[in-house]
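Please open the model in your viewer and keep the selection tool at hand, as this tour moves from one selection to the next and says what is to be found at each stop.

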Amino acid sequence: MAKDITKPDPTNVLDLLFAFRKSKAMFDAVSLGVFDALVKGPKSAKTLAGEIGADPAALEQLLNACVGLELLSWSSSGYANTPAATAYLTSESPDRMTGYISYSNDVMWKLWANLKDAVREGTNRWKQTYGWDGPLFSHFFRTDQSRREFLMGMHGFGRISSPHVASAFDLSRFRRFVDLGGATGHLAIAACERYPQLRGVVFDLPESIPLAQEIVAESSVAGRITFVPGDFFKDTLPEGDVIALGRILHDWTEEKVLRLLGRIYERLPAGGAVLIAEKLLDENKTGPSWAQMQSLNMLVCTEGKERTLSEYERLLDQVGFRDVQGCRTASPLDAVLASKSR
């Protein structure tokens, strides 16, 4: 009798084996300026190689790989950007993620190389990888240009996710929306666009405010959003009846999360609420994959992690919040809303 040689499907293992190659191909195509060079129309590999300073044959291999990744298309006219590449991978697009891609390529790539040690020791990898001490986020902003591009990368994420967060719950009873760590103001913009009764406040570190002012000034709700510089762990928080935290709590330890939520609770009036925008893990933490990978990213990069709705509920309950609601969205972020009852 023939021996059964049936084996498990290896597709998932093979996909993961090659996954980092796909990321690196996109990262370096951005770094080389491929997508910027194609904004005005198709070009041959030879023409493009001359413009960006690359070997024509080697560049053709990269361009063909980007066609396979559906970042470029090819025709007799040459290589051309797909709509997604133009929107997210070109340096002049308002939706660009190039700053976050550069950060992923230049900074996080090396941190993730030390994931094994992060798992063994339970701490981030800044010291091991770069020898850096001090506040983690000070290293994100070593120059004005790096700060601007990192924030614009986060702005690209925000343009995708903030409208979903702003519509996750009915915020029509609120009048003043305060976004702590609001970066470019994308969440405040989305909330004010959806709710005409809202006035918004973007609260962030002083060095982040100029870009926020620039971005908000170009929006349809510029007249309803103001700016307050400060540190949400130290300074007086702006007055508002709904205070938002977008991609903030996953950076910090439970002790710091409780401290920040406590400050928010004390600042809110009775009936006020906190709106949290993070990607929620399933209750058994077996999914979704986006939240799991982001949680590992928090392990190597910060002091925090991603959490389940019940974990947020427990933290919120400890400082006095009630009526905790969760909403999963189709975007990179979910939403949690909790109220101050007295």
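Begin by selecting β3, helix α10 (residues 186-194) and β4, which together make a right-handed β-α-β unit; right-handed here means that, with the strands pointing away from the viewer, the path from the first strand over the helix to the second runs clockwise. Helices (H or I, at least four residues) and strands (E, at least two) are DSSP runs, numbered from the N terminus. Before going further, note that this is a predicted model, in which local features need pLDDT of at least 70 and side-chain atom pairs count only at pLDDT 80 or more, while totals for chains, interfaces and linings use all residues. Residues are numbered from 1 along each chain as its sequence is written, and side-chain values use heavy atoms, with hydrogens and water left out.

Stay with the two strands of this unit: strand β3 (residues 176-180) pairs with β4 in the parallel sense over 5 bridges, where pairing requires that DSSP finds at least two bridges between two strands. Phe177 stands opposite Gly200 in β4. Of the 6 residues of strand β4 (residues 199-204), 5 are buried, so the strand is largely enclosed by the rest of the structure; buried means under 20% relative accessible area, exposed over 50%, and partly exposed in between (1.4 Å probe, protein chains only).

Next select strand β5 (residues 225-229), which runs parallel to β4 and is joined to it by 5 bridges; the bridge partner of Val201 in β5 is Thr226.

Now widen the selection to the whole sheet, an open one of 7 strands in the order β5-β4-β3-β6-β7-β9-β8, with mixed pairing. Its edge strands are β5 and β8 (322-327), each of which pairs on one side only. Neighbouring strands are turned by 20 degrees against each other on average, direction ignored; axes are lines fitted to C-alpha atoms, for helices over the stretch in contact, and angles run from 0 to 180 degrees between N-to-C directions. Further along, strand β6 (residues 242-246) and strand β7 (residues 273-278) run parallel and are joined by 5 bridges, with Val242 having Ala273 in β7 as its bridge partner. Helix α14 (residues 309-319) packs on the sheet and touches β7, β8 and β9 (334-339), its direction making about 155 degrees with that of β8.

Select Leu275 to see its contacts (heavy atoms within 4.5 Å); not counting residues up to four places away in sequence, Leu275 touches, among others, Val165, Phe177, Val242 and Leu337.

From α9, move to helix α6 (residues 98-112), whose axis comes within 6 Å of that of α9 and crosses it at roughly 115 degrees. Among the residues that meet there are Tyr100 and Tyr103 in α6 and Phe150 and Met154 in α9.

As a last stop, select Ala85, which lies in helix α5 (residues 83-88) and is buried, with a relative accessible area of 0%. Ala85 touches Phe35, Leu71 and Thr90, not counting residues up to four places away in sequence.
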